[in-house]
Amino acid sequence: MRLKDKNAFITGAAQGIGKSIAIGMAREGANVAITDVNFESAEATATEIKEIGVKSIAIKLDVSSQDEVTHAFSTFSKELGPVDILVNNAGITKDTLLMRMKEQDWDAVININLKGTFLCCKEAVKIMAKQRLGKIISISSVVAFTGNPGQSNYSSSKAGIIGLTKTIAREYAGRGIRANAVAPGFIQTAMTDILPDAVKDEMKKSIPLGSFGTPEDVTNAVIFLSSAESDYISGQVIHVNGGMYM
Ligand code: NAP
């Protein structure tokens, strides 16, 4: 029970890696808010998590909207209390080569992945700074470090998250806030299921451990960074990628 009675705010938590993180944190004793752009799906996940024996609420949240972020944190405070842990997990892809990328595709990915992380961090640090304690974990990606053809928008957004994380770590260390990132490699979820088999086979060849990761592999790193076990760690990135980048 490494997170007993902690209150966690997780974005994009209705499915995939976010849902796995929410379940993992609940098993460690945390109360979790399942925030997601898809409210029905978030409600279903929150209902599932209550079975574990912790408090869980669903909140409709498009992380790229300042109004919705403000409202979501206010709902969270009223229903669960002060936020102890923020996990910035919501993310999308809109892949195509740079020459073909439409401005809307660039904006959509940057607005959700990077601006959404900024907006949620800003709300969370206001509360965490008052209680002089808090953990912020943001989900980046291996492509922030390697680049990836067809992902100029996505890799830029994920690299931006690293700069944001390090800056928050420096700005708020004095207030007891730790900010870290997790950079997954290829993880089996809805986001990657859509890739053609030929692409997946090619990617497997670039992974020294020879297989794709699972949402639970990412969850383990996030729980470590949320717990007291990582209290002397801030401004860092944990790579969860089977060795594909080192
Ligand atoms: P996923 O299965 O697509 O889950 C992402 C969740 O975020 C979905 O529930 C989605 O809702 C939600 N979402 C989308 N737009 C949102 C918005 N504007 N506001 C709030 N929530 C929103 O993706 P995943 O694979 O679990 O990825 C989770 C995170 O890990 C992402 O940040 C992703 O970039 C990162 N990551 C994934 C991999 C991988 O291999 N899977 C690798 C590296 C990094 P809808 O489905 O209803 O749109």
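## Helix packing and ligand contacts

Helix α1 (residues 16–27) packs against helix α9 (residues 215–226) at an angle of about 50°, and their axes lie 9 Å apart. The structure described here is a predicted model. The crossing in which α1 passes α9 is right-handed. On the α1 side, the contact is made by G16, I17, S20, I21, G24 and M25. Their partners in α9 are P215, E216, V218, T219, V222, I223 and S226. By class, the residues of this contact of α1 with α9 comprise 7 nonpolar, 5 polar and 1 charged.

Helix α1 also packs against helix α2 (residues 39–50), here at an angle of about 20° and with the axes 10 Å apart. That angle makes α1 roughly parallel to α2. The two helices, α1 and α2, cross in a right-handed sense. K19, A22, I23 and A26 of α1 meet T45, E48 and I49 of α2. The contact of α1 with α2 holds 4 nonpolar, 1 polar and 2 charged residues.

A further packed pair is formed by helix α3 (residues 66–80) and helix α4 (residues 103–131), with an angle of about 35° and axes 9 Å apart. The passage of α3 across α4 is a right-handed crossing. From α3, the residues Q66, V69, T70, F73 and S77 take part. The residues of the contact of α3 with α4 divide into 6 nonpolar, 3 polar and 1 charged.

| Helix pair | Angle between axes | Distance between axes |
|---|---|---|
| α1 and α9 | about 50° | 9 Å |
| α1 and α2 | about 20° | 10 Å |
| α3 and α4 | about 35° | 9 Å |

The ligand is surrounded by 28 residues, and the closest of these are D36, N89, Y154, I187 and T189. For D36, a polar side-chain atom lies 2.7 Å from an oxygen atom of the ligand. In the side chain of Y154, an N or O atom is 2.5 Å from a ligand oxygen atom. For T189, the distance from a polar side-chain atom to an oxygen atom of the ligand is 2.4 Å.

Conventions: Residues are numbered from 1 along each chain as its sequence is written. This is a predicted model: local features need pLDDT of at least 70, side-chain atom pairs count only at pLDDT 80 or more; totals for chains, interfaces and linings use all residues. Side-chain values use heavy atoms; hydrogens and water are left out. Axes are lines fitted to C-alpha atoms, for helices over the stretch in contact, and angles run from 0 to 180 degrees between N-to-C directions. Helices (H or I, at least four residues) and strands (E, at least two) are DSSP runs, numbered from the N terminus. A crossing is left-handed if the near helix is turned anticlockwise from the far one by less than a right angle, and right-handed if clockwise. Contact means heavy atoms within 4.5 Å. Ala, Val, Leu, Ile, Met, Phe, Trp, Tyr, Cys and Pro count as nonpolar, Asp, Glu, Lys and Arg as charged, and the others, Gly among them, as polar. A residue is near a molecule or strand if one of its heavy atoms lies within 4 Å of it. A polar contact is a pair of N or O atoms within 3.5 Å; within protein, one must be able to donate a hydrogen and the other to accept it, and residues adjacent in sequence count only if both atoms are side-chain atoms. Angles under 35 degrees count as roughly parallel, over 145 as roughly antiparallel, 65 to 115 as roughly perpendicular and the rest as oblique.
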